[in-house]
Amino acid sequence: MQGVGILGAQWGDEGKGRVVDFLTEKAPVVVRYQGGNNAGHTCVIGNQKIVLHLVPSGILRPGRLCLIGNGVVVNPQVLVEEIARLKSSGFLENEDRIRLSDRAHLIMPYHQRIDVLREERRGAAKIGTTGRGIGPAYEDKARRSGLRVGDLLDPEEFKKKLAVNLEENNAYIEKVLGGKGFTLGEILEPFLDFGSKIRGLIADTSRILDQEIKKGSRILFEGAQGSMLDLDHGTYPFVTSSVTTSGGIFSGSGLGYGRLSLLMVGVTKAYTTRVGAGPFPTELFDKTGDRLVEAGGEFGATTGRRRRTGWLDLVALNYASRLNGLGGLALTKIDVLSGLDPIRLAVAYRYKGERLTEFPADLKILSECQPEYEDLPGWREDLGAVRRISDLPPAVRRYLARVEELTGIPVLILSLGAERGQTVVIRDPFEV
Ligand code: IMP
């Protein structure tokens, strides 16, 4: 395969960053195509822990070209700060390796304020957003009044567009949400400053991508969030505002279907986590749930929130597989299950006496579903030092084989810890 898409197969936080970081060894080009700084990809390199919110994780390897596609929403302040951090920690010599789509939309300060005020107003019914302004930025895009990265290149035009957009958003903040609006000057000056700082990065990234494809470069598409947070197919309205499933790769990077051979790899933890509100059928409220939080370090990379935890949900995973057209799985955090016995897999849901194997659209139904579990024997061994599949305890291999049987998808990659050496490749997705 010339291209590999790395997609979250759950509710985000599956450990995509470490899988991408590992695969960038084989791919000179890495593309982000949706979401914004709601994402937080944590990578541990030596004794350095790096959290990336916008720049693709590929940046951590020398020489990799990182594209931020048109489908991403960009907070330029976060980008400027992230680039500065990458430089000061020695991961980025200059900015030639980052290119930002001129068509990507900007997250403005009023988007963030709307996000926060709206969540406060929703009270108990809140979505539990990251408060980064993601939804309101995509709303302006869909309303056709958003500001794009390319607008920063023409300060006069930018000012005019900002004035119109600000007027609408200020009215909403003040009249509907009861908050305080912004003055033009408060936003204009800092944004023109960001514009001058990122000017050199702005480009037609779809074209650069096409040139790389023609050169024969391998391309890695780095998804953010997870399939169950997809705006159309996820647990709406408890979703994010972008297309997190594989279709987002095409629209969000300007890639034409069929331009390259592409394998979709779904990243899933060996259990399930979720941050924010919304139904979660296999959620655990007992000591096992607490143990998964502690052993798995289940706190959000962006907001620090404690993640909700539960057993691996194969109804959701099979749904994600169908939506994304998955050709392989990357299974992360298997090491966290060590010491648990039995290990449970949700193979179906029970709803009012009925057995469901398809993920329901209706959240009322979903919230009343009880998981039907298949139990597998656990293992006690610490897996942190395992580097080869043949060194895995038999119970782990049995677990992997059962996941493959129940999903019909081969496990290509295993992650047994946060460090670079702890990712084990069963089969290289670029060689499939
Ligand atoms: P938003 O993307 O900030 O609007 O948040 C919408 C929903 O998506 C909330 O439930 C968030 O917790 C969730 N979400 C957004 N980004 C991530 C992520 O990177 N990991 C996990 N959940 C996320």
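Predicted model: local features only at pLDDT ≥ 70, side-chain atom pairs only at ≥ 80, totals over all residues.
View 1. Residues are numbered from 1 along each chain as its sequence is written, and side-chain values use heavy atoms, with hydrogens and water left out.

View 2. The side chain of Asp13 places an N or O atom 2.9 Å from a nitrogen atom of the ligand. Thr240 also uses its side chain, with an N or O atom 2.6 Å from a ligand oxygen. Val275 takes part through its backbone, where an N or O atom lies 3.3 Å from an oxygen atom of the ligand. The ligand taken alone exposes 470 Å², and the protein buries 97% of that (Shrake-Rupley method, 1.4 Å probe; for residues, only the protein chains shown count as cover).

**View 3. Asp13 again, now with Arg307.** Besides its ligand contact, Asp13 meets the side chain of Arg307 in a salt bridge (3.2 Å, N to O). The pair links distant parts of the chain, 294 residues apart: Asp13 sits in the loop between strand E1 (3-8) and helix H1 (16-23), and Arg307 in the loop between helix H9 (287-296) and strand E13 (308-313). A salt bridge here is a side-chain nitrogen of Lys or Arg within 4 Å of a carboxyl oxygen of Asp or Glu. Helices (H or I, at least four residues) and strands (E, at least two) are DSSP runs, numbered from the N terminus. Arg307 is buried at 8% relative accessible area, whereas Asp13 is partly exposed at 25%. For these words, buried is under 20% relative accessible area, exposed over 50%, and partly exposed in between (1.4 Å probe, protein chains only). Both residues belong to a salt-bridge network that also includes Lys269, Glu298 and Lys333.

**View 4. Two further salt bridges.** The whole structure holds 30 salt bridges. In one of them, Arg306 and Asp290 meet at 2.9 Å, N to O. Arg306 lies in the loop between H9 and E13 and Asp290 in helix H9, so the pair ties together parts 16 residues apart in sequence. Within helix H3 (residues 109-122), Glu119 and Arg122 are three residues apart, about one turn of the helix, and their side chains meet at 3.3 Å, N to O. Glu119 is buried at 9%, while Arg122 is partly exposed at 35%.

**View 5. Helix H2 and what covers it.** Helix H2 (residues 76-88) has 13 residues and reaches 18 Å from its first C-alpha to its last, close to the 18 Å expected (1.5 Å times one less than the number of residues). Its buried residues are Pro76, Val78, Leu79, Val80, Glu82, Ile83 and Leu86. Their cover includes strand E4 (48-52), strand E5 (65-68) and helix H6 (184-198), with contact meaning heavy atoms within 4.5 Å. At the start of H2, a side-chain oxygen of Asn75 reaches to within 3.0 Å of the backbone nitrogen of Gln77. Just after the helix, Gly90 takes a positive phi of about 85°.

Notes:
Polar contact = N/O pair within 3.5 Å; in protein donor to acceptor, adjacent residues only side chain to side chain.
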